[in-house]
Amino acid sequence: MTSGSILRALRPCIGLAIVLTVFALHPQAEGFLSVYNFKIVANQTVIVGLAAIGATFIIVSGGIDLSVGSIIALSSVVCALVLRAEYGVTLAMVSAIFAGCVCGVINGLMITMLRIAPFVATLGMLGIARGAAKWISGEQKVDVPPAALESGGLQAWMSNRPDPEWLWFSPGVWTTILLALIAAYVLRRSVFGVHVTAIGSNEKTARLCGIRIERTKIAIYSIAGACAGLAGFMLCARLTVGNPTAALGIELDVIAAVVIGGASLAGGQGGVLGSMLGALMMAFLASGCKMTGSATYVQEILIGTIIVVAVSVDVLQRRRA
Amino acid sequence: MVAVSFACIAMGTACSPSPDKTGSGSGDQATKARRIAVIPKGTTHEFWKSIHAGALAAGRELGVEILWQGPIKEDDRNAQIDVVESFLAKKVDGIVIAPLDDKALARPLREASEAGIPVVVIDSNVAWDGRKSFIATDNYKGGTLCADALATKLGGKGKVAMLRYIEGSASTEERERGFLEAMANHPGIEIASSNQRGGATTASAVSASETLLGRFGDLQGVFCPNESVTFGMLRALQDSGKAGSIVLVGFDASPKLVEGLAKREIEALAIQDPVKMGELGVRRIVDVLEGRDVPARIDTGVTLVTADSMNEPANARLLDPDLSILDK
């Protein structure tokens, strides 16, 4: 590792440490450092975190995905509809992931076959998936039947008090951690991961080296879609409602988490664990702002500022290197 | 980077409005003031500012600290759950909340109650019976008042329409149901249309109103169940030159609607009392904390205001609530 890449890896850690310190010292934020708060903040990170796993692959490959929020909403509605039809929680989860994956495959096909820029292709999917969510839900939120919540075990996925208690975090948090570790390994060590990074660094060179760009890109966007689909399932578990207007604008939170985590929007750089720290930092920031009684606009300005700061530090480091 | 982020976070928290500290009575200065969380559906609408003002006034009088925090994204259920959970971690003494969703908020509120934090629900109901009290407008009654006012103005006969708000909004659907059922008592009135919707935004309400007015050229009266739809209808009536000749009865107030009322382009507005809602929410939660019984349901009332009655002091207060307490 060069000193530059060590700094890059440390950046989200430093950011997270600063946020934790500031609020831990803040007189009005009692309970911020409590075990309970740590548990709920971890839970609140799940949806952005899961989506950020997929988004890291996309951003490292030099792409972007604006359709995450719509895909999450669509899969949360699919999940609720499957549960309403009494097919059980497992099938609901599979359907939600499948719905997300289909959207991802379409994104990938649009980008490779139609040669549309990722920004535009996923902007199209943002509208298509959101519209589809409203369509299949009949333009209404879909309530999950009570039977599926308790005995069916849907609510347990995102419960702040997991059963058994020694789990400590909700199953949703553990799923996110596990997936993040696998994805981090795949991106760093596997052939597929090397191809993803190569495409993001220099697509022409990657093509000359014999990497099958189209196939890899379709795989990247399908993985991201599946991650968003799983996030949709978790959202449905948390809200106990499939809501076609949910997760509006969440794609920006996801991109922010990835960028704060050290990825470069120019491609070729970034890591899954960094993105997780970025997501965690934003969740802690939001939690701290609520506890100190800051107005919501303060939170929005702060997160915006932090994104700009994180990226400008990245640019400065690169110029020096 | 360290310095810059630190500075901006410090600045952000420093310039944020500090929670309203109210001196408790001289007797119990040793004990810390109770902290009551008041959670609206959003923070930018006038309606929620009125609730905030009412809650602050009650907090000041009773010597409790009011922690006001809305969801970061307006109308985002997930964001509102985040707020409830943060207050649980902060261990507030009580929660007053206007839930964004009758189902989605049930779990976090139940968790609050199980953690020993009592919950009073205001404005919209929640599908959970552990709440200590539900304080809101009787929307059904509001709808019937509007129907009667419209029928009386038309002399008991004529052709009217109702333009609904969006699907799934419990409060407006109650108003719509109240209107239709009360209209059944006026056999001379024909309801030409009652299945069209104005949608969520003012822009969609204007287009829906234009379509409705174009389709039924001989309408004599219209009822709209909330602020945005009433405003959309008012704009459409003004545009087509029919403002004042078609009798418009609406719900809620805004400066533009009050102006329309004064110019008699709107016959009547049904006005809720959000200041009272915020105030009673805080009062009842303090009652619960001090071991007093509270009623399960409290109606904060609907008042029908017309151009003639709008300047009476009680009505003027409803149309233009005193929010100066928010600036202190």
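Q: How far apart do the C-alpha centres of domain 1 and domain 2 of chain B lie?
A: In this predicted model, the C-alpha centres of the two domains of chain B are 31 Å apart. The domain assignment gives residues 32-137 + 273-300 to domain 1 and residues 139-271 to domain 2.

Q: What makes residues of domain 1 of chain B count as being in contact with domain 2 of chain B?
A: The criterion is that C-beta atoms, placed from the backbone, lie within 7 Å. Contact of this kind links five residues of domain 1 with five residues of domain 2 in chain B. On the side of domain 1 that touches domain 2, there are no nonpolar residues, three polar and two charged.

Q: Why is B:Asp252 called buried?
A: A residue is buried if 20 or more other C-beta atoms lie within 10 Å of its own. B:Asp252 has 23 such neighbours and therefore counts as buried. Its place is in the loop between β9 (247-251) and α9 (255-262) of chain B. B:Asp252 also has a positive phi of about 70 degrees, although it is not a glycine.

Q: Why is B:Lys91 called partly exposed?
A: The term applies between the limit for exposed, 12 or fewer neighbours, and the limit for buried, 20 or more. B:Lys91 has 14 C-beta neighbours inside 10 Å, so it counts as partly exposed. B:Lys91 is located in the loop between α3 (77-90) and β3 of chain B. Although B:Lys91 is not a glycine, its phi is positive, at about 55 degrees.

Q: What makes up the side of chain B that touches chain A?
A: The contact takes 37 residues from chain B and 47 from chain A. In chain B, α1 (2-15), α3 and α4 (106-114) each supply at least two residues of this side. By class, the side of chain B has 15 nonpolar, eleven polar and eleven charged residues.

Note on methods:
Residues numbered from 1 in each chain as written. Chains lettered and ligands numbered in written order. Predicted model: local features only at pLDDT ≥ 70, side-chain atom pairs only at ≥ 80, totals over all residues. Helix = DSSP H or I, 4+ residues; strand = E, 2+ residues; numbered from the N terminus. Contact = placed C-beta atoms within 7 Å. Nonpolar A, V, L, I, M, F, W, Y, C, P; charged D, E, K, R; others polar. Domains from an automatic or database assignment.
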